[in-house]
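Subject: The structure I promised you

Hi,

Here is the structure we talked about, passed over to you. Have a look at it first, then read on.

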Amino acid sequence: MFLLLLQQIFQYLTDMLKPLVFTLSAMLFCGGIQAQQSLGYTLREGDVFTVEQRGEQIVSQQLGEGFHQLTNRIAAVLEFRVRESRDTSYLLEFRFRDLFFKIESDMQGVLLNIRARELDTSDLQSRVFNSLIDVPVSMEISRRGEILRVVGGDSLVSRMMASTHLAPGTQRSAMQHTLDAEYSSKALAASFEQMTFFYPARRVRTGDHWQNRLDGGVEALNTWTLDTYSDGSAGISGEADIRMRDGGRFDGAGLSGRQTIQVQTEAGSGFIRKMVVSGEASGNGPAAVAGGDPVPTRIRTKSSYTLIDHKHVQ
């Protein structure tokens, strides 16, 4: 049961972060509200963006004739540092500065309540989440938002595994499998692209739409709209049909639904100033036990991302 809960916790954390803060939008170069704009972002080496994330996810699962509801809450402080500006891409470094995480069950009460920086060495969950703090993960991202590569995910998994102090055996192997599926460099590359890749390949004007399709832990067909452009700040909205799978580990498991995104960018940098993501998906969630039947599941999520600091470090 503990490993299943921990797997669900890691899956939730990853899902919460998928549309995350790395959604960088819209540096608009041309004046005139009806003029065509080149959407992308222009960042300087040494720029440091600090973002506060707050999110709530309500998971309802049908168990027999009744329902079980989990309420997951997250608050995080995230830092994004521009390490290098290249001809057609940027090298970014991301890290958690703090993380608050709480899971409540309507049947069992509080299942998890952790502030990652407040390490309790006697608690496995506290050790694992503490091992996420201040660990840099690097990624190269194109000016359209495509993730070209991620470096550091495999080292992050090794650090998290070391914090468990689990001896070789079934528990350790299951934990390694779970962390590799969510935090390896390959897995993070797929996840980060869900957050970043929404720029059009062509110039657009206010009211124009464009689409992109993403494949990974979340499959999404996104339709984006340039809603406003004023004094260098852009307002962009997105709608997406989404489908989530649990990495193929649970046959028949899958959720599908709809997601909306509202983004306001910071004038001058193109980085997000405010972002709100709302979504709902339903279908068959992972079985309660390995080999069991998938569980009818509904997930409602709302997350906000607010730029709380932008500084330039030489």
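Below is what turned up, going from the whole chain to single residues.

A word on the ground rules: this is a predicted model, so local features need pLDDT of at least 70 and side-chain atom pairs count only at pLDDT 80 or more, while totals for chains, interfaces and linings use all residues. Residues are numbered from 1 along each chain as its sequence is written, and side-chain values use heavy atoms, with hydrogens and water left out.

**The whole chain**

The protein chain has five helices and twelve strands. These are DSSP runs, numbered from the N terminus: helices (H or I) need at least four residues and strands (E) at least two. Of the 314 residues, 52% are buried. Here buried means under 20% relative accessible area, exposed means over 50%, and partly exposed is in between (1.4 Å probe, protein chains only). If you take contacts (heavy atoms within 4.5 Å) between residues at least 6 apart in sequence, 61% of them join residues at least 24 apart.

**Aromatic rings**

Rings of Phe, Tyr and Trp (its six-membered ring) pair if their centres lie within 6.5 Å; planes under 30 degrees apart are stacked, over 60 edge-to-face, and the rest tilted. That gives five aromatic pairs. One of them is Phe 49 with Phe 271, which is stacked, at 4.0 Å centre to centre and 5° between the planes. Phe 49 sits in strand E1 (residues 47-63) and Phe 271 in the loop between strand E10 (254-265) and strand E11 (272-285), so this pair ties together parts 222 residues apart in sequence. Phe 49 is buried, at 1% relative accessible area, and Phe 271 is buried too, at 2%.

Phe 101 and Phe 129 have ring centres 5.5 Å apart and planes at 45°, so they make a tilted pair. Phe 101 is in strand E3 (residues 89-105) and Phe 129 in helix H2 (residues 124-130), so here the parts tied together are 28 residues apart. Ring pairs also link Phe 49, Phe 80, Phe 94, Phe 96 and Phe 271 into a cluster.

**Helix H4**

Which residues of H4 are buried? They are Met 175, Thr 178, Leu 179, Glu 182 and Tyr 183. Seen down the axis of H4, they fall within an arc of 95° (taken from the directions from the helix axis to the C-beta atoms), so they line one face of the helix. An α-helix has 3.6 residues a turn, so residues three or four places apart point the same way.

Met 175 is also among the contacts of Thr 164, along with Leu 124, Arg 127, Val 128 and Arg 172, leaving aside neighbours within four places in sequence. Thr 164 itself is in helix H3 (residues 153-164) and is buried, at 2% relative accessibility.

**Salt bridges**

A salt bridge is a side-chain nitrogen of Lys or Arg within 4 Å of a carboxyl oxygen of Asp or Glu. The count is 18. Arg 115 and Asp 98 form one, with their closest N and O atoms 3.0 Å apart. Arg 115 is in strand E4 (residues 109-115) and Asp 98 in strand E3, so the pair ties together parts 17 residues apart in sequence. Arg 115 is partly exposed, at 35%, whereas Asp 98 is buried, at 7%.

Arg 117 and Asp 134 form another, at 2.7 Å from N to O.

Cheers
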